[in-house]
Amino acid sequence: MFISAIILAAGRSERMGFDKLLAKINGTPAFLYSIHTFERSGVNEIILVVPAEKISEYEKELSCRRFAVPVRTVAGADIRHRSALFGINASDSRCELLLIHDAARPFVTESMIQSVIASVKENTAAIPVVKLSDTVKFCENGYVSGTPDRDSLRAVQTPQGFLKKDYLDALEKVGERAEKFTDDASLFEAAGKKVVITDGDPRCFKLTSPQDMLLASMIAPNMGVDDMPRIGHGYDVHRFAEGRKLILCGKEIEYGEGLLGHSDADVAVHALMDAMLGAAALGDIGRHFPDNDPQYKGISSITLLKKVNALLRENGLALSNADITIIAERPKLKDHIEDMRGIIADAVEIDISRVSVKATTEEGLGIAGKGIAAHAVVLLESV
Ligand code: MG
């Protein structure tokens, strides 16, 4: 059975005061959490319904990530059920089962989604619910007017699941009354159709007030979204050549010869850039700055490092620290180390305390006598 998840992100965040779904929770935009859970839960496609004026912002966040199933964005509407309908209209023609989810519930679980799917297959409509922990009162004009039996009350969550043809039938029957409904199951109830309940999860709360963002940041680390730090390693070597400047970590060092290369041959910065690109799984410097491209002839590697740093930012990552080891039999580098650290720290916009540059020899046993080699290890964090 082809299953389409419609994730509604077209609301106005009025109670929050800012766009809660593009806001980051521990470095990852809030709306991405539920997408990552749905892609692992047996759905065939995900349709994200967003405000028309923000489509490009959402698509930018999606474009730097890869998903196991197709994820598409469509423009929504001011009224919830119309947004849902726009999403449904954009679903694949093979779609038979719909899951409609509020993006403001980032921490939906795989088991909730799978329970709803299984129940829809048997019953045509299913919604996840949780028991209430607070007693609920009817209130009028400042007074309590009644107390419903808490045992028969449930708080309703999402995703709500339906057979697509039944949903469209119910919508036709109910007509304009659907505009008042605050969830999708109400449509089914009004059309006289049965809705079965499944187990919700207290973690699947709705982001409503600014305090909820704090709670979200505490729950997020356990929800399996990829915001873990990333480690990367880079290695490079250049041979000595006469008539060239020797530049290491952006510092020009007075020495009789330099290193051969298409750019300024700054072997240490090359290793650093490869470590950064490697940690982000974005290829290597040969791919980004080909050594047969005339625009890079003689270019300062620090200029390229700034480009790599900006590329990481575009991908939601930032350099946390770097440890560079330069392997050179000659010249002695110890008097230049502090300058090198400062130049690198400035280029990547982090504190100098997070940049380490070390120099060593190979005791005359390795390749370093004929040139200079460098290793770099970096840690990247989500931003
Ligand atoms: Mg190189």
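# A guided tour of the predicted model

A search of the whole structure finds seven aromatic pairs; rings of Phe, Tyr and Trp (its six-membered ring) pair if their centres lie within 6.5 Å, and planes under 30 degrees apart count as stacked, over 60 as edge-to-face and the rest as tilted. The model is predicted, and local features need pLDDT of at least 70, side-chain atom pairs count only at pLDDT 80 or more, while totals for chains, interfaces and linings use all residues. Residues are numbered from 1 along each chain as its sequence is written, and side-chain values use heavy atoms, with hydrogens and water left out.

**First stop: Tyr 33 and Phe 107.** Select these two residues, whose rings form an edge-to-face pair with 5.5 Å from centre to centre and 80° between the planes. Tyr 33 belongs to helix H1 (residues 30-39), whereas Phe 107 is in the loop between strand E6 (97-102) and helix H4 (110-123), so the pair links distant parts of the chain, 74 residues apart. Helices (H or I, at least four residues) and strands (E, at least two) are DSSP runs, numbered from the N terminus. Tyr 33 is buried at 1% relative accessibility, and Phe 107 is buried at 0%. Here buried means under 20% relative accessible area, exposed over 50%, and partly exposed in between (1.4 Å probe, protein chains only).

Display H1 as a whole. It is largely enclosed by the rest of the structure, because 10 of its 10 residues are buried; among them are Phe 31, Ile 35 and Phe 38. Continue to Ser 41, in the loop between H1 and strand E4 (45-50). Ser 41 is buried, with a relative accessible area of 3%. Its side chain reaches the backbone oxygen of Thr 37 at 2.6 Å. This is a polar contact, defined as a pair of N or O atoms within 3.5 Å; within protein, one must be able to donate a hydrogen and the other to accept it, and residues adjacent in sequence count only if both atoms are side-chain atoms. Leaving aside neighbours within four places in sequence, Ser 41 is in contact (heavy atoms within 4.5 Å) with Glu 110, Ile 113, Gln 114 and Ile 117.

**Gln 160.** Next select Gln 160, in strand E11 (residues 160-163). Is this residue buried or exposed? At 1% relative accessibility, Gln 160 counts as buried. A polar atom of its side chain lies 2.8 Å from the backbone nitrogen of Ala 185, and the side chain also reaches the backbone oxygen of Gln 157 at 3.4 Å. Not counting residues up to four places away in sequence, Gln 160 touches several residues, including Leu 98, Ile 100, Val 116 and Asp 183.

**The magnesium ion.** Which residues coordinate the magnesium ion? Asp 236 (OD), His 238 (NE2) and His 270 (ND1) do so, at 2.0 to 2.3 Å. Donors are N, O and S atoms within 2.8 Å of the metal (3.2 Å for Na, K and Ca); water is not among the atoms, so sites may look incomplete. The donor residues follow the spacing D-x1-H-x31-H in sequence. Both Asp 236 and His 238 are buried.

Colour the protein chain by its domain assignment, which gives domain 1 (2-222) and domain 2 (230-382); the bounds come from an automatic or database domain assignment. The centres of domain 1 and domain 2, taken over C-alpha atoms, are separated by 48 Å.
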